[in-house]
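Let's take a friendly walk through a structure together. Have the sequence and the 3D view ready, and follow along as we go.

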Amino acid sequence: MKHLTKALGLGLAAAATFTACAAAATLTIGSTTLSAGNASVTACTSSLSATRNVGNSGNVTQVNVAGIPTACSGETLSVTLVGSGNAALGSGSGTVGSCGTTCSVTITSFGATVSASNVTGYSFGLTGA
Amino acid sequence: MRRLRLTPRRVAVVLAATVGIGAGVAYAATLTVGSWHLWAGSQTLTKGTCTLTGTTQTSDTYVTQATPGGTNGSATTMLVRSNSGSVDWSFVSFNLSSCSLPTTGGADTATLTLFITTAPASNRTLSLTPVLTTWSPTTLTWTAAQSLTYGSSATTSFTTGTTNNVSKSATLTVDVDALIKNPSASFGWRINDTTGSGNATTTFATSENVNAGRRPQLVINYEK
């Protein structure tokens, strides 16, 4: 009985270890035991457009994205200032809020000083639950 | 009761069973990813340049403290003077409608160029302050100019030098950017001498000047 107790103890410790490992690496263990399924990923909008403000030096001071559907409220919007050759000149993110009929986001930090003259467009990414 | 011995085989059986339990827990966890929103998109900007000059796109005048009720809207030159009791201010504004810019657009750069026909004897600093209420060059007087609303601070300034017949440029990007987004944001600029003491006059060509190359000009590099 003493040996059985020891074996069960070792087993439970191992179970805890493997459970943790399995949760951290679900993609590697399942080919023979996991079944296939579908997880739907939807979008809360189909388009966005931005305007930006500048200081007198011509550098971008803020980017404003308005007209965001209220279905996106609380989600995270990432905006990248794009330059020639699709170069990323700077980027920032904010939480969709200030909702009335639609919502808006104002981003004031881009990780770099960006001249408005060099900005040829914006890239958007919207994620949330 | 039968006594169980701890053998390698029994340990392996117990481990195999517990791994199965662990895998089952992990599989259940993967079902929680399905309710997320994801979207990516882009927007491309159009760049261009718009140059404004001449009487149809420019309004300018000057007012003089010494003649508080006088108007100078049709003068071919305008004055900026610093002199106690006899100050002169110049005003200039531009009509951006011919640029056909949407309110979602903006100025990348905006540069005002003025032509000094007669420079002061000593170098002066002139400031450009946005005017926040409407005015007309045909009716603006010194007295009326005291009732206009101005920006809380000058947008920029430049120095005159002492040479006649030279162009001077000033950057006004922030004001023009705001004006594109809101056509009622401001109504041009007041130009006044902020050097301090001293009696000095700077004379600029106006939009009515016979020499078209000397007229005030606003060049806007824009996006839309």
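## A serine in a loop

A:Ser115 counts as partly exposed because 16 other C-beta atoms lie within 10 Å; a residue is buried with 20 or more such neighbours, exposed with 12 or fewer, and partly exposed in between, with C-beta atoms placed from the backbone. This is a predicted model, where local features need pLDDT of at least 70, side-chain atom pairs count only at pLDDT 80 or more, and totals for chains, interfaces and linings use all residues. Residues are numbered from 1 along each chain as its sequence is written, while chains are lettered from A and ligands numbered from 1 in the order in which they are written.

Where does A:Ser115 sit in chain A? Its place is the loop between strand E5 (103-107) and strand E6 (121-128). Helices (H or I, at least four residues) and strands (E, at least two) are DSSP runs, numbered from the N terminus. Leaving out residues up to four places away in sequence, A:Ser115 touches A:Gly58 and A:Asn59; a contact means C-beta atoms, placed from the backbone, within 7 Å. A:Val60 is 55 residues away along the chain, yet its C-alpha atom is 6.0 Å from that of A:Ser115.

## Confidence in chain A

The predictor's confidence in each residue is the pLDDT, from 0 to 100. Chain A has a mean of 81, and 71% of its residues reach 70 or more.

| Element of chain A | Mean pLDDT |
|---|---|
| Helix H1 (residues 2-24), lowest | 45 |
| Strand E4 (residues 88-95), highest | 98 |

Over residues 10-27 of chain A the pLDDT is below 50, and this stretch has 27 contacts in the model beyond near neighbours in sequence.

## A look at chain B

Chain B contains three helices and twelve strands. It has 224 residues, of which 38% count as buried.

Methods:
Two residues are in contact if their C-beta atoms, placed from the backbone, lie within 7 Å.
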